[in-house]
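Have the structure open while you read.

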Number of protein chains: 2
Amino acid sequence: MSAPLRIGIDLGGTNARAAVVDPVTGAVVAAEKRPHVERTPIAVARSVAEATRSAAAQAGLDLATLAGVGVGVAGQCDGTTGVVVNAPNLGWRDAPFGDLLAQELHVPVQVVNDLSAAAWGERAFGAARGADDAVLVFVGSGVGSGLILGGRLHQGAGGVAGEIGHVKVAPRGAQPRPCGCGEWGCLEAYAGGMNLAARVRDEVAEGKAGGVLEAAGGDASRVNASAVEAAYLAGDPYARELWAEVGELLGTAMANVVTLLNPARLVLGGGVLLGCPNLERIARAHLGDRTLRVARRGLVVERAGLGDDAGVVGAALLGDASR
Amino acid sequence: MSAPLRIGIDLGGTNARAAVVDPVTGAVVAAEKRPHVERTPIAVARSVAEATRSAAAQAGLDLATLAGVGVGVAGQCDGTTGVVVNAPNLGWRDAPFGDLLAQELHVPVQVVNDLSAAAWGERAFGAARGADDAVLVFVGSGVGSGLILGGRLHQGAGGVAGEIGHVKVAPRGAQPRPCGCGEWGCLEAYAGGMNLAARVRDEVAEGKAGGVLEAAGGDASRVNASAVEAAYLAGDPYARELWAEVGELLGTAMANVVTLLNPARLVLGGGVLLGCPNLERIARAHLGDRTLRVARRGLVVERAGLGDDAGVVGAALLGDASR
């Protein structure tokens, strides 16, 4: 007899994806994606509920049979109350999204940070499979991490653990770069795709980053991390200096997490890190060089294995209230 | 009826202390301290066993009634095997100390890092009481931490978690300072009492730190963190610049741990941090300034409450195999 199917939801800033997941194989059996038309918590809850019902119907799954569903949210969440404390991309603060969605679906809802969900998915079926101590570092438009410690998801006292994107990395004495969080000198201010693109566009305007502009086809609005990577490959000195800087900050921050937490597995994910092989190579070199020797011993560094499915798979597993 | 007494041992680089602990109140009922005469693992195990028997006899405790004893060791330990992987102050590598001591005492022995033991003691009866997520940062001759996450001691995949002293903090482009661990740019290279004293003595020899030498009574061999603090209080510019540098590195490293782990409690301990109020003040200011806002919300920062007893109390609680 196969285990009952489960449902996991990935709630991002622009759309939501509900997926029916086989908890034994990790396979996504059916999925439905919806853009947010209206962004109030109640409107999103209704739209997510529709997507969920649609995915369930595709898989022939009766929602009433579920012990619960899980939602990974791009924001800071309080897992015990289901409240989304702060989700800048959705414009939410203290939104009781778990309750709203539970009222729509008539099943218990577990709300977690999206990278916590992704880490849990990678641990069950992906690059962190079998590791009781694993860290997922994600570098995409933002920077964050998911922490699995002692076989459990570590969410912290306020549910906001894992914010590696906001550790402060600006060198002493240097002018720290501003971050989207309103603070300065955060890792995300240097390595997050959004901040990185804004910086390079500024430096294009100052006439410093012509090689990257060229790699973006001369269109400043298309300047991004991929264009920096392309310019790097073409030998552009600005791109080489930028990757040297960002790769060192990223690799050192990851090294410090490994030194502090001594995980067995470090999983790298996100479009900026996985889409820019030279940045990844430089970051890995600093990671190797700066991790305390005894913590490096036995550490395996892997690229994320489940891609976009990691979040819905992890959320589906975490959402089952009977587990 | 009172709970049975327990035994905790603190094994440092120069001596060991065995204590009989009341597990309900955290009181040290009896204790016996022994310097290491010979430093081989077997000789230390025998000497520790004698101290343990002596402390037990003082308290009228029959060792045969114990479910186990706990030992906190100043070094990296594998808790599952009882092996001390690396203890530079004892000159040990891969020493099976747990087995050796168990053979002497005829009871199960649990071996943990000394700061893990201290964190566990502070959580039970001290400054971290009642907190499921708490970090103890210790700045003495070395720098380290003990991590309690989700109500459990976090020791990591290889038992070496918590090494905040060896996170890399040297600013990009600057010459990193050497650390006793054989690496460069570690927090301990800047803030550890041993490295700090060596640096100031070097700078005294270079004629840069006259104010500190004066505070040490003109005796270079007495130059240490306390002398820097005294010179700071006297308005010495070298001491002020040194505390500004060390306090910023220390405060930023602690801020980054809080941002990553989101603990409810941060406990400050160790002779350098607690013995130098101006260094503590500067470090706390950077901690407040550089911790991600949502992680700072609800964080309580406390000075360690149990002093030298934290380690034996925590070890006693962790050592009880029946818990």
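This is a predicted model: local features need pLDDT of at least 70, side-chain atom pairs count only at pLDDT 80 or more; totals for chains, interfaces and linings use all residues.

Helix H12 (residues 309-319) of chain A is mostly covered, with 11 of its 11 residues buried. Among those buried residues are A:Val312, A:Val313, A:Leu317 and A:Leu318, along with A:Asp309. What covers the buried residues of H12(A) includes strand S1 (6-11), strand S2 (15-21), strand S3 (28-35), strand S4 (69-73), strand S8 (109-113) and H3 of chain A.

Now take A:Arg303, which is found in strand S13 (residues 300-303) of chain A. Is A:Arg303 buried or exposed? A:Arg303 is exposed because it has 12 other C-beta atoms within 10 Å. Leaving out residues up to four places away in sequence, A:Arg303 touches A:Ala127, A:Leu268 and A:Leu274. A:Arg303 also sits 6.2 Å from A:Gly269, C-alpha to C-alpha, though the two are 34 residues apart in sequence.

**Strands that pair**

Chain A has a hairpin made by S6(A) and S7(A), with 4 residues between them. In the turn, A:Gly91 has a positive phi of about 75°. The pairing of S6(A) and S7(A) is antiparallel, over 3 bridges, and A:Asn86 has A:Arg93 as its bridge partner in S7(A).

Over in chain B, an open sheet of 5 strands runs in the order S11-S10-S9-S12-S13, with mixed pairing. Strand S11 (152-153) and strand S13 (300-303) of chain B are at the edges with a single partner strand each, so one side of each is left without a neighbour in the sheet. Within that chain, S9(B) and S12(B) run parallel, joined by 5 bridges. B:Ala134 has B:Arg265 as its bridge partner in S12(B).

| Strand pair | Sense | Bridges |
|---|---|---|
| S6 (residues 83-87) and S7 (residues 92-95) of chain A | antiparallel | 3 bridges |
| S9 (residues 134-139) and S12 (residues 265-269) of chain B | parallel | 5 bridges |

Which residues touch the most other members of the largest nonpolar core? Of its 242 residues, they are A:Leu136, A:Leu187, A:Val212, B:Leu136, B:Leu187 and B:Val212. Leaving out residues up to four places away in sequence, B:Leu136 touches residues that include B:Leu115, B:Ala118, B:Ala119, B:Val267 and B:Ala304.

In helix H7 (residues 225-233) of chain B, the buried residues are B:Ala225, B:Ala227, B:Val228, B:Glu229, B:Ala231 and B:Tyr232. They pack against helix H5 (193-205), helix H6 (210-215), H8, helix H9 (271-275) and helix H10 (277-290) of chain B. Just after H7(B), B:Gly235 takes a positive phi of about 85°.

**Between the two chains**

The contact takes 41 residues from chain B and 40 residues from chain A. On the chain B side, strand S6 (83-87), helix H8 (237-261) and helix H11 (293-296) each supply at least two residues. H8(B) gives the most, with 8 residues. By class, the chain B side divides into 18 nonpolar, 14 polar and 9 charged residues.

How do the copies relate? Chain B superposes on chain A by a rotation of 180° with 0.0 Å of shift along its axis (RMSD 0.0 Å). The two copies are therefore related as by a two-fold rotation axis. The same surface serves both copies, since 98% of the contact residues of chain B recur in chain A. Of the residues of chain B, B:Pro171 comes closest to the rotation axis, at 2.4 Å (C-alpha).

Terms used
Residues are numbered from 1 along each chain as its sequence is written. Chains are lettered from A and ligands numbered from 1 in the order in which they are written. A nonpolar core is a set of buried Ala, Val, Leu, Ile, Met, Phe, Trp, Tyr and Cys residues joined through C-beta atoms within 7 Å. A residue is buried if 20 or more other C-beta atoms lie within 10 Å of its own, exposed if 12 or fewer, and partly exposed in between; C-beta atoms are placed from the backbone. Two residues are in contact if their C-beta atoms, placed from the backbone, lie within 7 Å. Ala, Val, Leu, Ile, Met, Phe, Trp, Tyr, Cys and Pro count as nonpolar, Asp, Glu, Lys and Arg as charged, and the others, Gly among them, as polar. Copies are superposed by least squares on the C-alpha atoms of residues with pLDDT of at least 70 in both. Two strands pair if DSSP finds at least two bridges between them.
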